Amino acid sequence: MQGAFGLNCASMPGHHVLLVPGFFGFGSLGDISYFASGIAQLLQRSFERAGLRVRITEVATLPTASIRVRAARVREALAAIAANGDDLIHIIGHSTGGLDARLAIAPTASLPAHVEFEAYG
């Protein structure tokens with residue numbers, strides 16, 4: 001497969017985008033998605049136009065939990081993604097979701113996560 005700039009994308013790693021909702025945010029509530037503005041579809045099309053494979057996941061955070069608890073959920077999602085392959089991971093956090101993501105990847109953060117997540121680089 002030829003991607004942007006004539007690159008051979010078959011040998012390139014895939015990409016995984018992790019969407020992190022903000023405070024009072026939720027992955028979905030019935031048919032309503034937190035990222036309802038079509039952000040997942042927009043990202044999907046953008047990666048495809050560049051000839052890149054991408055998977056997009058929303059973190060199921062607890063809407064009113066503390067930042068530490070929400071960050072633990074993000075860390076658990078990151079660990080699951082990393083364990084499933086060699087994809088490059090991109091994190092997009094909206095509002096407090098950005099703080100959750102930053103704390104989740106902080107090497108010295110003490111979080112109530114059920115997994116350890118080594119630095120991913």
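1. A quick definition to start: two strands count as paired if DSSP finds at least two bridges between them. Strands (E, at least two residues) and helices (H or I, at least four) are DSSP runs, numbered from the N terminus. With that in hand, the bridge partner of Leu19 in E5 is Ile92.

2. Some housekeeping before going on. This is a predicted model, where local features need pLDDT of at least 70 and side-chain atom pairs count only at pLDDT 80 or more, while totals for chains, interfaces and linings use all residues. Residues are numbered from 1 along each chain as its sequence is written, and side-chain values use heavy atoms, with hydrogens and water left out.

3. Now the sheet. It is open, has three strands in the order E4-E1-E5, and the pairing is parallel. E4 and E5 are the edge strands, each pairing on one side only. From one strand to the next the twist averages 20° (axes are lines fitted to C-alpha atoms, for helices over the stretch in contact, and angles run from 0 to 180 degrees between N-to-C directions).

4. Looking at the pairings of E1 (residues 15-20): five bridges join E1 to E4 (residues 54-58), and six join E1 to E5. On the E4 side, His15 has Val54 as its bridge partner, and Leu19 stands opposite Glu58.

5. How many residues of E1 are buried? Six of its six (buried means under 20% relative accessible area, exposed over 50%, partly exposed in between, with a 1.4 Å probe and protein chains only), so the strand is mostly covered. His15, Val17 and Leu19 point one way, His16, Leu18 and Val20 the other, and all are buried.

6. Helix H2 (residues 67-83) lies across E1 and E5, and runs at about 165° to E1. Contact here means heavy atoms within 4.5 Å.

7. Glu58 sits in strand E4 and is partly exposed, at a relative accessible area of 26%. The C-alpha atoms of Glu58 and Gly93 are separated by 9.9 Å, though the two are 35 residues apart along the chain.

8. Last one: Ser95, in the loop between strand E5 (88-93) and helix H3 (96-105). Phi of Ser95 is near 55°, a positive value in a residue other than glycine. Is Ser95 buried or exposed? Exposed, because its relative accessible area is 53%.
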